[in-house]
Number of protein chains: 2
Amino acid sequence: MTYCLALRTATGIVFAADTRTNAGVDYITSYEKLHVFETAPDRIFVVASAGSLAATQEIIHWLRRDLAATDGRENLNSANHLFEAANYVGRVSRAVQAQHAAALTESGVSGEPTLILGGQINGEPHGIMLIYPQGNFIEASEDTPYLQIGESKYGKPMLDRLGRGLSLDDAARLAVISLEATIRSNLTVGAPIDIMMLHADAFCLARQLRLTEDDAFYRELRTAWQVGIESLFASLPRFDWEDGGQS
Amino acid sequence: MTYCLALRTATGIVFAADTRTNAGVDYITSYEKLHVFETAPDRIFVVASAGSLAATQEIIHWLRRDLAATDGRENLNSANHLFEAANYVGRVSRAVQAQHAAALTESGVSGEPTLILGGQINGEPHGIMLIYPQGNFIEASEDTPYLQIGESKYGKPMLDRLGRGLSLDDAARLAVISLEATIRSNLTVGAPIDIMMLHADAFCLARQLRLTEDDAFYRELRTAWQVGIESLFASLPRFDWEDGGQS
């Protein structure tokens with residue numbers, strides 16, 4: 001499995017992803033799941049991918065091939081709006097799936113990719129879109145400023161508690177908290193954690209970092225969160241029958 | 001869906017469950033999912049149920065009918081060990097499923113129940129067991145002192161963080177925290193929350209409570225947890241590029 005997350009704030013976008021890929025439980029490898037496309041001065045895109053690794057890798061190859069082609073074909077640079085780029089990526093995803101569908105169905109294997117496309121085209125607001133395997137998409141909103149793909153349930157409660165009205169740096173911190181909860185509770189999601197951050201109207205990657213298990217900041221954050229949760233739990237209201245906290 | 005949870009501590013067991021049942025999204029009702037069997041002075045059992053409501057209700061009817069029968073048939077009182085009771089409940093579950101399997105398969109509907117059986121028989125330690133739809137079971141351990149059925153992912157991170165070495169009252173508090181996270185993030189799990197608590201070697205229910213959304217204690221606990229999490233999040237370590245917390 002995989003867990004990827006994008007958070008949209010007033011001033012930018014944070015993308016975060018684990019790097020674990022597994023085929024069964026006995027072939028576990030590490031892959032980047034965030035792909036940046038700085039393709040022209042007026043635009044930037046990041047694609048986060050979950051689902052079939054074969055499908056998502058081929059989609060990224062197709063997107064890069066279309067950009068390099070000189071025959072005027074549709075590509076990430078030909079979109080005038082972010083939603084057009086999402087539709088184009090959805091069509092590429094469908095084409096990649098169609099290529100292998102017969103063989104995969106024969107083997108009873110799902111080749112479905114789910115993607116998040118985020119970024120900005122000059123003149124439009126920055127945005128994030130979740131592209132379903134069927135090629136259609138949904139967009140994040142003020143009320144739901146985040147999108148998740150893959151193993152999304154473990155990391156959702158903290159997004160629901162803390163995910164609104166954040167600064168971009170706080171959104172990055174929350175993304176790490178959400179990833180870490182998932183990594184602790186599910187073996188198929190694993191460090192290192194990749195983070196990418198965009199500022200609105202900048203059209204280039206503002207920050208890119210990789211947090212390994214041993215990274216000093218990641219250790220400090222994990223410890224502060226764990227110790228803080230333990231101490232908060234110890235301070236919670238008692239049931240009416242409790243006297244000093246023991247039954 | 002449903003979310004039920006059992007936590008075993010050194011001194012007893014806590015069971016917790018939401019009460020929401022839904023058939024699709026337009027028929028949402030409220031049902032108890034914790035069933036207590038105080039059947040003899042030397043034993044007590046609690047059964048928590050998730051999955052097909054029809055199947056779990058019928059299983060509970062069968063367990064009570066077998067207890068009332070006078071023909072010496074197997075029932076919860078005839079088990080000498082907790083694992084024998086689990087095997088018996090598993091067989092009842094299989095029999096109930098077999099009755100309706102053909103018709104359900106025809107309609108493409110799953111009638112699978114998943115159960116937690118917890119309690120104690122005099123002379124044995126208290127324990128909790130998760131009974132799969134196939135009738136086999138797993139038991140909680142020192143390392144993993146909790147079992148979950150139904151919509152289990154949202155509420156797992158806090159169990160993984162805080163679930164070991166607890167007093168019975170702290171286990172009940174943690175169960176409420178785990179349920180509340182799930183209720184916030186998933187519409188198919190809903191209040192009121194039912195809690196049952198057993199003390200080891202007592203063979204009767206120690207406490208039984210129902211927390212509605214408006215319950216004063218539940219409101220106080222929710223608020224303390226939310227405010228505490230917000231304040232903890234605000235105090236977390238900053239990235240190395242941050243100066244005063246804004247990017």
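Let's start with B:Lys33 and the residues around it: leaving aside neighbours within four places in sequence, B:Lys33 is in contact with B:Met1, B:Thr2, B:Cys4, B:Ala17, B:Asp18, B:Thr19, B:Arg20, B:Thr21, B:Val47, B:Ala48 and B:Ser49, where contact means heavy atoms within 4.5 Å.

A quick word on the ground rules. This is a predicted model, where local features need pLDDT of at least 70 and side-chain atom pairs count only at pLDDT 80 or more, while totals for chains, interfaces and linings use all residues. Residues are numbered from 1 along each chain as its sequence is written, chains are lettered from A and ligands numbered from 1 in the order in which they are written, and side-chain values use heavy atoms, with hydrogens and water left out.

Back to our lysine. B:Lys33 sits in the loop between β4 (28-30) and β5 (34-40) of chain B; strands here are DSSP runs of E, at least two residues, and helices are runs of H or I, at least four, numbered from the N terminus. Is B:Lys33 buried or exposed? B:Lys33 is buried, at a relative accessible area of 4%, with buried meaning under 20%, exposed over 50% and partly exposed in between (1.4 Å probe, protein chains only). Its side chain reaches the backbone oxygen of B:Arg20 at 2.3 Å.

Now, the interface. Here 47 residues of chain B are in contact with 47 residues of chain A. The buried area is about 4,700 Å², and carbon and sulfur atoms give 64% of that; this is the accessible area (1.4 Å probe) that two parts lose on being put together, summed over both. On the chain B side, B:Arg161, B:Phe233 and B:Phe239 lose the most area to chain A, together 18% of what that side buries.

How many salt bridges are there between chain B and chain A? The count is eight, each a side-chain nitrogen of Lys or Arg within 4 Å of a carboxyl oxygen of Asp or Glu. One of them joins the side chains of B:Arg173 and A:Glu242 (2.7 Å, N to O). Among the elements of chain B, α4 gives the most to the side touching chain A, with 12 residues.

Of the 18 residues in α4(B), 17 are buried. At 1.5 Å a residue, helix α4 (residues 168-185) of chain B should span 26 Å, and its end C-alpha atoms are 26 Å apart, which agrees; the expected span is 1.5 Å times one less than the number of residues.

Last stop, B:Trp225: its contacts include A:Ile229, A:Leu232 and A:Phe233 from chain A, and B:Ile177 from chain B.

Definitions and conventions: A polar contact is a pair of N or O atoms within 3.5 Å; within protein, one must be able to donate a hydrogen and the other to accept it, and residues adjacent in sequence count only if both atoms are side-chain atoms.
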